[in-house]
Amino acid sequence: MSFSSLLLTACFLPLFPVSLVFNQLLGRLTHAALRAALVLLWPQAGVLVITRLDQAPPTWVLWWAILTSLLYALRLLAMRDVHLWVGFLATSQWSMLWLLFQDTPPHPSWIALGSSVPLALTVLLAGGLERRFGAAYTHLYGGLAALMPRFALMLTLSVLAATATPVFPQFFVLLLLLLDSPLELSLLILATALVWSWAGLRLLQGLLVGTEDRARPISDLRRMFAGAYALTLIALAVGGIYLSGGIQ
């Protein structure tokens, strides 16, 4: 793998410090739809580049990838900005995709898409928080579970899907990586996944629980949009179960 191809792939399947490119770009976008589109498309470029190379990454790159993944997972624990939280989780998960290419993975583009869709849903919901409250921060307002129950339910399911909860695709991607990786890498994969779950619970706790502020009326997620989110999450769960059939 040449230095130029490594650098290009490291931009789209982020490796530290090249990972700063994606996170800076995500931070500069102000429209939720553009952020969601970026989250969906960014790893697809990385998968396209690495599959065209038709060459397994060297071992030192795999270690670089898993350490990048763990670094960004740990950084999630200190994040209060939901958009930064999503960007760091995306970086952590996409850098781990390097480990898929130790062998020839089945449908890598679909695997990357399954990882990205819950993140994109969370980005769109964070945009809804900005429209309603002026910012998307944890512990800035509380009680969203009581104040906006439909919104809170979709946010909870999106975050659970993004943090590799069983039946969703990212969970089965983790299983695939664990089966294909040596013991040392597998232990770091497990540690990173545990931090994702911890960070997801902290994020939800900082948004959904507490005393709701009823100083001004806050509109809940419209039923039409809640239905669209729900159908997307059901499709993800079905895709995750389908992916599980390819794990041996």
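Reader: What makes Phe12, Phe22, Trp42 and Trp94 a cluster?

Author: Ring pairs link Phe12, Phe22, Trp42 and Trp94. Rings of Phe, Tyr and Trp (its six-membered ring) pair if their centres lie within 6.5 Å; planes under 30 degrees apart count as stacked, over 60 as edge-to-face and the rest as tilted. The model is predicted: local features need pLDDT of at least 70, side-chain atom pairs count only at pLDDT 80 or more, and totals for chains, interfaces and linings use all residues. Residues are numbered from 1 along each chain as its sequence is written, and side-chain values use heavy atoms, with hydrogens and water left out.

Reader: How many aromatic pairs does the whole structure hold, and why is the pair of Phe22 and Trp42 called tilted?

Author: The search finds six aromatic pairs. For Phe22 and Trp42 the centres are 5.6 Å apart and the planes 45° apart.

Reader: What does the pair of Phe22 and Trp42 tie together?

Author: Phe22 lies in helix H2 and Trp42 in helix H3 (residues 32-53), so the pair ties together parts that are 20 residues apart in sequence. Helices (H or I, at least four residues) and strands (E, at least two) are DSSP runs, numbered from the N terminus.

Reader: Why are Trp60 and Trp64 called stacked?

Author: Their ring centres are 6.0 Å apart and their planes lie at 15°, so the pair is stacked. Both residues lie in helix H4 (residues 59-76), four residues apart, about one turn of the helix.

Reader: Why is Trp60 called exposed, and what is Trp64 called?

Author: Buried means under 20% relative accessible area, exposed over 50%, partly exposed in between (1.4 Å probe, protein chains only). Trp60 has 52%, so Trp60 is exposed; Trp64 has 27%, so Trp64 is partly exposed. Phe22 and Trp42, by contrast, are both buried.

Reader: How do you know that the span of helix H6 agrees with its number of residues?

Author: The expected span is 1.5 Å times one less than the number of residues. For the 26 residues of H6 (residues 108-133) that gives 38 Å, and the end C-alpha atoms are 38 Å apart, so the two agree. H6 also has a kink of about 25° at Ser116, shortly before the proline Pro118; the bend is the angle between axes fitted to the seven residues ending there and the seven starting there.

Reader: What makes H6 largely enclosed?

Author: Of its 26 residues, 19 are buried, so H6 is largely enclosed by the rest of the structure.
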